[in-house]
Amino acid sequence: MIKHHPNAAILKDFVDGNLADSVSLIVSSHVELCEHCQQQVSMLTAQAADSIFENDTSGLQLSESEMDAFLADNGEFDFDAIDKITADLSQAVEVVIEPQQETVSDTTFTVPRALNSVVRKDWMNLGKISRARLDFDDESHHTSLLHIDKDGQVPCHTHKGFEITLLLEGSFEDEMGIYNKGDFIWLDGKHTHQPVTKEGCVCLTVSSDALYFTKGVSQLFNPLGKYIY
């Protein structure tokens with residue numbers, strides 16, 4: 001069961017098209033998995049459509065003289081043409097998008113539809129952690145697929161910017177809770193955690209800056225953080 005969702009403000013910005021492309025990508029991927037957020041997005045979309053039609057559209061209306069001129073110039077226009085075309089279903093084509101699956105290590109996961117057209121680079125491994133960058137044109141953020149193998153963990157860290165994680169397969173836990181497939185987690189510098197997984201997991205992540213490791217030998221990587229996040 002999905003327990004962690006984008007908040008109402010994020011969903012509204014998603015519907016209004018105000019999110020950065022990478023953030024919109026990960027929100028869209030969550031909505032695909034989450035019936036609750038699908039309902040919220042449908043409601044917000046309907047509200048946005050209603051607000052457009054409620055606005056003053058007098059500037060879009062033709063005057064009587066303008067309408068007469070239009071009809072004079074288009075006297076032979078078949079106003080029923082659109083109805084005729086749409087009524088003929090013989091030309092209709094049903095487009096079915098088959099889900100893509102990918103396997104990393106021994107974990108197979110379904111790739112969100114939002115990622116179908118995004119080029120995924122080769123997986124790079126460091127111990128039990130593997131990462132595949134997404135070739136996505138968003139200079140402000142880095143977008144990746146992250147796999148943590150069974151009984152793996154990410155060293156204790158905080159965040160210089162923000163990090164959004166969407167769990168695509170498996171589960172992990174940290175000091176703040178247990179997360180399962182579909183959960184959407186947004187963390188920043190106010191949070192310090194050490195994700196651990198028993199069964200292994202695959203996540204989609206968006207980061208605005210490097211991690212900052214807070215314990216042990218992993219702190220040696222902090223000077224290189226901007227190159228490896």
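These exercises work through a predicted protein model, each with a solution in steps.

Residues are numbered from 1 along each chain as its sequence is written, and side-chain values use heavy atoms, with hydrogens and water left out. In this predicted model, local features need pLDDT of at least 70 and side-chain atom pairs count only at pLDDT 80 or more, while totals for chains, interfaces and linings use all residues.

**Exercise 1. The overall make-up**

Task: State how many helices and strands the protein has, and what percentage of its residues count as buried.

Solution. 
- Step 1. Count the elements: the protein has 6 helices and 14 strands. Helices (H or I, at least four residues) and strands (E, at least two) are DSSP runs, numbered from the N terminus.
- Step 2. Turn to burial. Of the 229 residues, 34% count as buried. Buried means under 20% relative accessible area, exposed over 50%, and partly exposed in between (1.4 Å probe, protein chains only).
- Step 3. Look at contacts, meaning heavy atoms within 4.5 Å. Among contacts with a separation of 6 or more, 62% come from residues 24 or more positions apart.

**Exercise 2. Helix 1 against helix 2**

Task: Find how the axes of helix 1 and helix 2 cross, and which residues make the contact.

Solution. 
- Step 1. Take the axes. They come within 10 Å and cross at roughly 105°. Axes are lines fitted to C-alpha atoms, for helices over the stretch in contact, and angles run from 0 to 180 degrees between N-to-C directions.
- Step 2. Classify the angle. Helix 1 and helix 2 are therefore roughly perpendicular to each other. The cut-offs are these: under 35 degrees is roughly parallel, over 145 roughly antiparallel, 65 to 115 roughly perpendicular, and the rest oblique.
- Step 3. Name the residues. Helix 1 brings Ile10, Leu11 and Phe14; helix 2 brings Ser24, Val27, Ser28 and Val31.
- Step 4. Sort them: 5 are nonpolar, 2 polar and none charged. Here Ala, Val, Leu, Ile, Met, Phe, Trp, Tyr, Cys and Pro count as nonpolar, Asp, Glu, Lys and Arg as charged, and the others, Gly among them, as polar.

**Exercise 3. Helix 2 against helix 3**

Task: Repeat the analysis for helix 2 (residues 21-33) and helix 3 (residues 35-54).

Solution. 
- Step 1. The two axes come within 6 Å and cross at roughly 115°.
- Step 2. Helix 2 and helix 3 are therefore roughly perpendicular to each other.
- Step 3. His30, Val31, Glu32 and Leu33 of helix 2 meet Glu35, Cys37, Gln38 and Val41 of helix 3.
- Step 4. By class, this contact has 4 nonpolar, 2 polar and 2 charged residues.

**Exercise 4. Two residues compared**

Task: Is Ser171 buried or exposed, and is Glu175 buried or exposed?

Solution. 
- Step 1. Ser171 is in strand 9. Its relative accessibility is 13%, so Ser171 counts as buried.
- Step 2. List its contacts, leaving aside neighbours within four places in sequence: Tyr179, Asn180, Thr197, Glu199, Gly200 and Cys201.
- Step 3. Ser171 and Cys201 are 30 residues apart in sequence, and 5.5 Å apart in space, C-alpha to C-alpha.
- Step 4. Glu175 sits in the loop between strand 9 (163-174) and strand 10 (177-180). Its relative accessible area is 53%, so Glu175 is exposed.
- Step 5. Beyond neighbours within four places in sequence, Glu175 is in contact with Thr192, His193 and Gln194.
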